Amino acid sequence: MSEEQVPLARPVIGVREEELVLEALRSRRLSLGPRLGEFEAAFGAWLEADHVSALSSGTAALHLGVRAAGIEAGDEVVTSPFSFVASANSVLYEGARPVFCDIDRRTLNIDPEAAAAAVGGRTTGLLPVHIFGYPADLPAIECLAAARGLWIVEDACEALGARHHDGRAVGARGNLASFGFYANKQLTTGEGGVLVSPSEDLKERVDSERNQGRAPDMGWLDHDRLGFNYRLSDLACALGIAQLERLDEMLAARARVAGLYEEALEGIEGLELPCPDAGGDRRGWFVYVVQLPPRVKRDRAVAALRARGIDSKPYLPAIHLMSFYRERFGHRDGEFPVCEDMAARSLALPFFPELSEAHITRVAEALRQILGGPDGAF
Ligand SMILES: Cc1ncc(COP(=O)(O)O)c(C=O)c1O
């Protein structure tokens, strides 16, 4: 990293990653080799979950997750509009409809009461998202699912390392749950993901669907169901195995960086910081997203930060207000006021395990100047 530029994200890649990826490369077993099962077993052991399928992305995990849950064309699925677009898209892939409900202002996750109100006659499932790594209220969502006979697929793509108040890891409650391993995630395989299934039968189905619908013992050209190419290569699995060895350390480093930000940003008027852990729930730190004061023009803040050598990003936009969703479903401004307010004011700051205290101080000083500056820019 140059002295000047502070990027948004940066993966930790060391000698161990290089060693294991090279070893995989030299083995000439580049796909469906031994590292696939090794990575799945190591991930399952870390999360304390059985039935883990490694897949080519978090999106692939969501797609096979909703299929495994039994989604059908015409179904409605209640989900959060404050998410990365893939969670809602996974429902659309199957000809079903994502039905949004508003979010909780503190956690930014789906509000269980709003979710209950959004359940209708065609609703078959719930797709809660653990946004920014903060646990969604799964106990309440599970009660709703049980009362209304609905399935659950958890989008835990941003939540590796998060825990519910009962101590269980997010994604290990016995629901279908997806994780993503894109390069900015807590653990990366470059591109990749996993789906955690509640049973071995479902894992077998997912493993088959990721590999064009083939059964493990099947002949080369016999496919007994519709499938996809959602495989994760052995090179990616090797990277994942190395990353798992240092995952606890990387999660602790992210939490340390978040703590330093909290101290450094204290007292900036009107700036809202990520909610602290409460009630025993624990965030798995993924991004550091602040809400700017309502008076601030976010684009100008981004430009002013960039002029000081600091990357930042409006993150996340509300899904229902994206042009594709507006046009397809007729969504309009004002439908989900909490989500829209948060989406309009959110700004992701540089955040990764190796971010130094000096960089954090620099980001905080820049924000302090920009937001409270005498130039009257805002
Ligand atoms: C909440 C959420 N869901 C789904 C995904 C999709 O994961 P991937 O990019 O690995 O397909 C992401 C990744 O950014 C995400 O943040």
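**Ground rules.** I'm working from a predicted model, where local features need pLDDT of at least 70, side-chain atom pairs count only at pLDDT 80 or more, and totals for chains, interfaces and linings use all residues. Residues are numbered from 1 along each chain as its sequence is written, and side-chain values use heavy atoms, with hydrogens and water left out.

**Ligand.** I found 13 residues, with Gly 58, Thr 59, Asp 155, Glu 158 and Lys 185 coming nearest. The side chain of Thr 59 puts an N or O atom 2.5 Å from a ligand oxygen. For Gly 58 it is a backbone N or O atom, 2.8 Å from an oxygen of the ligand. The Lys 185 side chain also has an N or O atom 2.8 Å from a ligand oxygen. I then checked the ligand's cover: alone it exposes 390 Å², and the protein buries 91% of that (Shrake-Rupley areas, 1.4 Å probe; for residues, only the protein chains shown count as cover).

**Glu 340.** I found Glu 340 in helix 12, residues 337–345 (helices are DSSP runs of H or I, at least four residues; strands are runs of E, at least two; both are numbered from the N terminus). Is Glu 340 buried or exposed? Glu 340 is buried, meaning under 20% relative accessible area, with exposed over 50% and partly exposed in between (1.4 Å probe, protein chains only). Glu 340 has no salt bridge (a Lys or Arg side-chain nitrogen within 4 Å of an Asp or Glu carboxyl oxygen). Arg 326 is the nearest side chain of opposite charge, 7.2 Å away (Lys and Arg count as positive, Asp and Glu as negative; His and chain ends are not counted). Beyond four places in sequence, Glu 340 touches residues including His 320 and Arg 332 (contact is heavy atoms within 4.5 Å).

**Glu 191.** I placed Glu 191 in the loop between strand 6 (176–180) and strand 7 (193–196). Why do I log Glu 191 as partly exposed? Because its relative accessible area is 48%. Its contacts beyond four places in sequence include Ser 56 and Tyr 182.

**Leu 273.** I traced Leu 273 to the loop between helix 9 (247–264) and strand 8 (288–291). Leu 273 counts as partly exposed, at 26% relative accessibility. Among its contacts beyond four places are Glu 262 and Val 290.

Methods. Near = heavy atom within 4 Å. Polar contact = N/O pair within 3.5 Å; in protein donor to acceptor, adjacent residues only side chain to side chain.
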